[in-house]
Amino acid sequence: MIENQTTESSWDGGGVLKRLHFWCFPHHFRENLALRRLGVKSVEIKKPEQLQSVNYLIIPGGESTTMAKLAEYHNLFPALREFVKTGKPVWGTCAGLIFLANRATGQKLGGQDLIGGLDCMVHRNFFGSQLQSFETELAIPHVAAKEGGPPSFRGVFIRAPAILEVGPEVEVLADFPVPPEKNISSNPAVQTPEVASYLLSCYPLCDIFSSPKPIYTSKHSTSTRKRSAQIHSVLLCKENTDSLKKVIVAVRQGNLLATAFHPELTADTRWHSYFLKMGNDMADEASTSSSLPLVVPNSYDRNRIDLPIFQ
Ligand SMILES: NC(=O)CC[C@H](N)C(=O)O
């Protein structure tokens with residue numbers, strides 16, 4: 001995995017990669033801080049040819065439509081798709097997750113180009129607008145088993161996507177219960193036909209026609225309004241349901257890692273060290289003995305203070 005070292009990429013005596021390359025968008029600065037805590041220095045990728053000397057790639061959060069336009073402008077898509085196919089580790093956070101998905105919904109009019117590779121259907125802005133951003137404790141059994149520390153992680157969701165479906169090769173690393181009725185019904189961003197279908201599929205046993213209350217206005221078509229009434233009824237049923245349906249918020253598929261939340265905004269670097277170790281996993285699978293193992297310290301530090309972002 002760790003071939004193609006550039007003169008910028010070097011190893012210390014213990015085999016720690018001193019320079020990691022990643023694709024820069026607005027959250028670059030915070031990614032850089034998290035990686036530095038693990039002894040890794042990162043650089044921005046701005047041109048397709050830079051990807052040839054890259055071993056790891058992080059596609060950070062931001063705004064995926066704008067990111068797609070920039071990637072198009074700089075002709076990055078072919079090189080990014082090629083990179084994903086090489087088997088080198090790639091991690092998409094939030095907008096980066098949208099980029100890696102094979103299928104996306106909730107996109108702006110006209111859609112946007114995706115890199116693809118991750119066999120899933122992602123819903124952009126699933127939880128709503130910027131105002132519906134939130135923090136929550138997520139159970140992360142797989143990552144905690146590998147990295148140590150507590151079994152949960154503080155997930156920071158900023159106008160976040162959620163994964164609605166995954167293919168058989170995809171391992172779910174974290175999920176999250178669909179928010180309660182009051183959040184969803186007051187939130188226009190999630191009232192799309194795709195969310196409707198999803199919620200209806202979650203609660204098939206509910207009487208979806210009881211006490212309908214339209215969420216959509218008269219400017220929407222009759223079928224859309226009917227659908228909206230169905231969602232509302234489903235959500236009313238859900239209030240009485242103990243077992244809330246969950247959406248997926250972190251996955252791994254081979255060399256691809258994706259999180260709907262922002263680990264770089266917390267002081268807990270376990271997702272970053274998990275990602276760095278993925279290079280070793282991939283090298284083991286490919287039995288490429290020529291690759292140097294990347295030594296990443298187990299990163300949980302209970303004394304590191306985490307500042308709240310959303311109250
Ligand atoms: N924090 C984020 O990366 C938000 C992603 C954004 N909602 C998008 O669709 O691109």
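Two residues count as in contact here if their C-beta atoms, placed from the backbone, lie within 7 Å. With that settled, here's a quick tour of the structure, which is a predicted model.

**Overall picture**

The protein has nine helices and 12 strands. Of its 311 residues, 41% count as buried. Take the contacts with a separation of 6 or more: residues 24 or more positions apart make up 73% of them.

**Helix α2**

Let's start with α2, which spans residues 64–73. Its buried residues are Ser64, Met67, Ala68 and Ala71. They sit on the same side of α2, because they cover an arc of only 100° around the axis. Among the things covering those buried residues are α3 (77–86) and α4 (95–100). After α2 comes Asn75, and its phi is positive, near 55°.

**Around the ligand**

Ser64 turns up again in the ligand's surroundings, together with Gly61, Gly62, Glu63, Cys94, Ala95, Ile98, Arg124, Asn125, Ile158 and Arg159. Sorted by class, that shell holds four nonpolar, four polar and three charged residues.

Two members of the shell, Asn125 and Arg159, are worth a look for their backbone. Asn125 has a positive phi without being a glycine, and Arg159 does likewise. Here they are side by side:

**The nonpolar core**

In soluble globular proteins, nonpolar side chains tend to be buried together. In this model, the largest nonpolar core has 64 residues. Those with the most contacts inside it are Leu100, Ala101, Ala160, Ala162, Val247, Val249 and Ala260.

Val249 lies in strand β11 (residues 246–253) and counts as buried because it has 25 C-beta neighbours inside 10 Å. Leaving out residues up to four places away in sequence, Val249 touches Leu138, Gly155, Ala162, Ala174, Asp175, Phe176, Thr259, Ala260 and Phe261. Gly279 is another story: 30 residues along the chain from Val249, with 22 Å between the two C-alpha atoms.

And what does Ala162 touch, with residues up to four places away in sequence not counted? The answer is His123, Phe126, Phe127, Val247, Ile248, Val249 and Ala260.

Methods:
Residues numbered from 1 in each chain as written. Predicted model: local features only at pLDDT ≥ 70, side-chain atom pairs only at ≥ 80, totals over all residues. Buried ≥ 20, exposed ≤ 12 C-beta atoms within 10 Å, placed from the backbone. Helix = DSSP H or I, 4+ residues; strand = E, 2+ residues; numbered from the N terminus. Arc of directions from axis to C-beta. Near = placed C-beta within 6 Å. Nonpolar A, V, L, I, M, F, W, Y, C, P; charged D, E, K, R; others polar. Core = buried A, V, L, I, M, F, W, Y, C linked by C-beta atoms within 7 Å.
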